[in-house]
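Trainee: I have a new model open and would like to go through it with you. Could we take it piece by piece?
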Amino acid sequence: MSEKKHRVSRRQFLNYTLTGVGGFMAAGMLMPMVRFALDPVLRPAEETELVQVVKVDEITEEPQRFDFKIKQVDAWYESEETRSAWVFKEGDKITALSPVCKHLGCTVGWNNDPANPNQFFCPCHYGRYKKDGTNVPGTPPIAPLDVYKQAVKDGYLFLGAAKPRGEA
């Protein structure tokens, strides 16, 4: 092959050089902005710390609803969020269930459906759960109620994040 076909003209050389330098400068300016925008997404999720909810002596065999506040960080915004839990004990075992229905996210209540006593009931679409939080077959919910991570310290029940039944 001849040498003429592989030669780069001065105009092409200048074009390649200026394009490379311009691209390098643009990348240098854009990278900090992209990193700033994506930083909350790339940051590892923080584990919710356990929050004191109720004295263990106040927990009964009948499910009771307890409200508590957690500190929540959403990107750069920190806030307190109110959460609820249905808490009861069977013998020495304490169970803390999330009140969020697994069908469409409505709030379930305990024993508030006269036709189905001693069950959790979701009034939105008539979803039902047994006392232990498992969904009643043939009703809209597709999974059991979530269970809160829990610990008992100094006579108080502490709750963390709600997780699906197998992960808590």
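Predicted model: local features only at pLDDT ≥ 70, side-chain atom pairs only at ≥ 80, totals over all residues.

Trainee: Okay, how is the chain divided into domains?

Mentor: The assignment gives domain 1, covering 1-43, and domain 2, covering 51-163.

Trainee: And what separates the centres of domain 1 and domain 2, in Å?

Mentor: Taken over C-alpha atoms, the centres of domain 1 and domain 2 are separated by 55 Å.

Trainee: Switching to strands, what is the order in the open sheet of three?

Mentor: The order is β5-β6-β7, and the pairing is antiparallel. β5 (109-110) and β7 (127-129) are the edge strands, and because each has a single partner strand, one side of each is left without a neighbour in the sheet.

Trainee: How many bridges join β5 to β6?

Mentor: Two bridges join β5 to β6, which spans residues 120-122, and these strands run antiparallel. If you want a place to look, Gly-109 stands opposite Phe-121 in β6.

Trainee: Now cysteines. How many disulfides does the count come to?

Mentor: The count comes to one disulfide, and it joins Cys-106 to Cys-124 with an S to S distance of 2.2 Å. The link of Cys-106 and Cys-124 is left-handed, with -115° about the S-S bond.

Trainee: Where do Cys-106 and Cys-124 sit in the chain?

Mentor: They link distant parts of the chain, 18 residues apart: Cys-106 lies in the loop between β4 (93-97) and β5, while Cys-124 lies in the loop between β6 and β7.

Trainee: Is Cys-106 buried or exposed?

Mentor: Cys-106 counts as buried because its relative accessibility is 18%, which is under the 20% cut-off.

Trainee: What about burial for Cys-101 and Cys-122?

Mentor: Cys-101 counts as buried at 3% relative accessibility, and Cys-122 is buried with a relative accessible area of 3%.

Terms used: Residues numbered from 1 in each chain as written. Heavy atoms only, no water. Pairing = 2+ DSSP bridges. Helix = DSSP H or I, 4+ residues; strand = E, 2+ residues; numbered from the N terminus. Disulfide = S-S within 2.5 Å. Buried < 20%, exposed > 50% of the residue type's maximum accessible area, 1.4 Å probe, protein only. Domains from an automatic or database assignment.
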